[in-house]
2 protein chains.
Amino acid sequence: MRYAFGVDIGGTTVKLGLLTQDGNILDSWEIPTRTEDGGVNILPDIAASIRAKIAEKNLNDNDIAGVGVGAPGAVDDKGVVHQAVNLGWGRFSLKEELHAMVKLPVMAGNDANVAALGECWKGGGRGHKNMLMVTLGTGVGGGVIVNGKIVNGVTGSGGEIGHMHLVDGEEEACGCGNHGCFEQYASATGAVLLANRVLAASDKDSVLRHTEISAKNIFDAAKDGDELACEIAKQYGYYLGKGLALCASVLNPEVIVLGGGVSKCGSMLFDLLKPSFEEFVFKGCKDTPFALAELGNEAGICGAARMVIDP
Amino acid sequence: MRYAFGVDIGGTTVKLGLLTQDGNILDSWEIPTRTEDGGVNILPDIAASIRAKIAEKNLNDNDIAGVGVGAPGAVDDKGVVHQAVNLGWGRFSLKEELHAMVKLPVMAGNDANVAALGECWKGGGRGHKNMLMVTLGTGVGGGVIVNGKIVNGVTGSGGEIGHMHLVDGEEEACGCGNHGCFEQYASATGAVLLANRVLAASDKDSVLRHTEISAKNIFDAAKDGDELACEIAKQYGYYLGKGLALCASVLNPEVIVLGGGVSKCGSMLFDLLKPSFEEFVFKGCKDTPFALAELGNEAGICGAARMVIDP
């Protein structure tokens, strides 16, 4: 088993990679995600693209561990998708259907969970087997790795920490319909929400009153010492640290890895989150180390390949 | 491997069991826990008791999978105790020290986690491999089982959900030093705290004003329709459901098993916790089933034996 394919299905493109069993990416490429007609073309397109790559590289099927797939939806331990709204998918066995098409072993998981596995294998969590990864993007994605394996959850909702309840009395609804979810505060979108609240409650000037309010601009302004931006960043860190403290008290992970767009502001994030993390976490977990994700967009194909390399 | 020993170390007695590999308890007995002198006698006592039982039953070491041990403290994946205050223990390898004495394979875990494994194997969680157990006693103990194995955590604090932060602004401190921990509300002690607050805030009569305020009396009175007891039970259920919702959003378990003294009030507990559980949990986990623990005091020796039967 010298090779494995990793596939990361996004809403507009599918990223594919051919990896060695050690995790070196020999080739990576993309195909469009055809979401029309309930997404019926997505798997046949992936299978055709992989078979074409096998022919192009003159590979022997016996040298290929299989095809790992991350999909943006709920995927359980058996490789059954429960729902993937952005792809038009309802419930079906991704593992079995793709296997029938590509004639190779298939494993499947939720994209955030699969990216976490990638970071655990080759990125910010390497050297560890028990890890929590949190992706701070438009939403907050989570991935829990226990003993080197993804915690998928019985209905594929394992690691959905973005929808863990964090704040009582929130009036705005989360995209999930609940109120006060972790991702309402700790996502890039959440940073903007906090910014709007801080700016509305103050009449002080701020560079944020003269530019687009985005997570990047908020943290850049905070680094430059803008007073209101610092307050926003402090609030952001409070919620992020508190949410991670709740997770850590359940899992006591070896490391917590932060990824996604907001994590690009770097180690500043650790300083922002640590006061509330240490305030709220169980004492036995107080020294949990933090790390930044390292693989960027490649985390998905790495983690996906890992699923079939170490099934 | 026809047999295994399960050992459950408590603050006053050590429970021991001889089990078949299918989990039938052939014999069970107790010895005192000698906590004096930093607990140096505890492991030699256990080893001697097991060797005596092997001689008594005329067993062959080759037929014994080993000795599993649950201890009241933080125990990591490698069988290293980080601390067990009630036994006088600091940090040492329980697994290696007991192995040197008893000459059999040894596995060790935290007692609440080990009891959870027992319930997953033979009790309220049987048939499942991914389970959250919560023990509602003097405190709130938790145990997380993923893929049939305990999540010990890197410093042995895995499943310490009793110290997950739940309520902001709590003035009373938890035993751990934090404020607003799950166990301050959802333990038997927590039920009494809630009762005192409800009784103090009302001038209505209640049977609880004329009897000892205990979790049992509270739930008994609620079952009898006592108005203030019903209010206390409702509040208790609110906090219990909310805390379990946070855990379920991280783990998406197949089942949540409730054990410990408070769980003796039975399925009433499910009715009390479900409204807040469903309010706060991630939608994908809303249908998480609940079950009651079934093994009582035997959960510890069962789970301990399971650790060496399926290491």
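**Notes on the predicted model**

1. In chain B, helix α4 (residues 111–122) lies across the strands β9, β10, β11 and β12 (255–259), and its direction makes an angle of about 55° with β10(B). The model is a predicted one, and the remarks that follow should be read with that in mind.

2. The sheet in question is an open one of 5 strands in chain B, in the order β11-β10-β9-β12-β13, with mixed pairing. Its edge strands are β11 (149–150) and β13 (290–292) of chain B, each of which pairs on one side only.

3. Turning to the domains, the assignment for chain A gives domain 1, made of 3–123 + 297–309, and domain 2, which covers 131–293. The centres of domain 1 and domain 2 of chain A, taken over C-alpha atoms, are separated by 28 Å. Across the boundary, 16 residues of domain 1 of chain A are in contact with 19 residues of domain 2 of chain A.

4. Which elements of chain A each supply at least two residues to the side of domain 1 that touches domain 2? They are β5 (74–75), β8 (106–110) and α4 (111–122) of chain A, and α4(A) gives the most, with 7 residues. By class, this side of domain 1 of chain A has 8 nonpolar, 5 polar and 3 charged residues.

5. Strand β5 of chain A also belongs to an open sheet of 3 strands, with the order β5-β6-β7 and antiparallel pairing. In that sheet β5 and β7 (92–93) of chain A are the edge strands, each pairing on one side only. Two neighbours, β5(A) and strand β6 (residues 80–83) of chain A, run antiparallel and are joined by 2 bridges, and A:Ala74 stands opposite A:Gln83 in β6(A).

6. Is A:Val151 buried or exposed? It counts as buried, because it has 26 C-beta neighbours inside 10 Å, where 20 or more are required. Leaving aside residues up to four places away in sequence, A:Val151 touches A:Val144, A:Val146, A:Gly158 and A:Gly159 in chain A, together with B:Val146 and B:Leu251 in chain B. The C-alpha atoms of A:Val151 and A:Leu117, which are 34 residues apart along the chain, are separated by 10.0 Å.

7. As to the contact between the copies, 34 residues of chain B are in contact with 35 residues of chain A. On the side of chain B that touches chain A, the elements giving two or more residues are β10 (140–146) and α8 (227–251) of chain B, and the largest share, 6 residues, comes from α8(B). The residues of this side of chain B divide into 17 nonpolar, 13 polar and 4 charged.

8. Finally, chain B is superposed on chain A by a rotation of 180° with 0.0 Å of shift along its axis, at an RMSD of 0.0 Å. The two copies are thus related as by a two-fold rotation axis. Moreover, 100% of the interface residues of chain B are also interface residues in chain A, so the copies meet through the same surface.

How values were computed. Residues numbered from 1 in each chain as written. Chains lettered and ligands numbered in written order. Predicted model: local features only at pLDDT ≥ 70, side-chain atom pairs only at ≥ 80, totals over all residues. Least-squares fit on C-alpha atoms with pLDDT ≥ 70 in both. Contact = placed C-beta atoms within 7 Å. Helix = DSSP H or I, 4+ residues; strand = E, 2+ residues; numbered from the N terminus. Nonpolar A, V, L, I, M, F, W, Y, C, P; charged D, E, K, R; others polar. Domains from an automatic or database assignment. Pairing = 2+ DSSP bridges. Buried ≥ 20, exposed ≤ 12 C-beta atoms within 10 Å, placed from the backbone. Axes fitted to C-alpha atoms, helices over the stretch in contact; angles between N-to-C directions.
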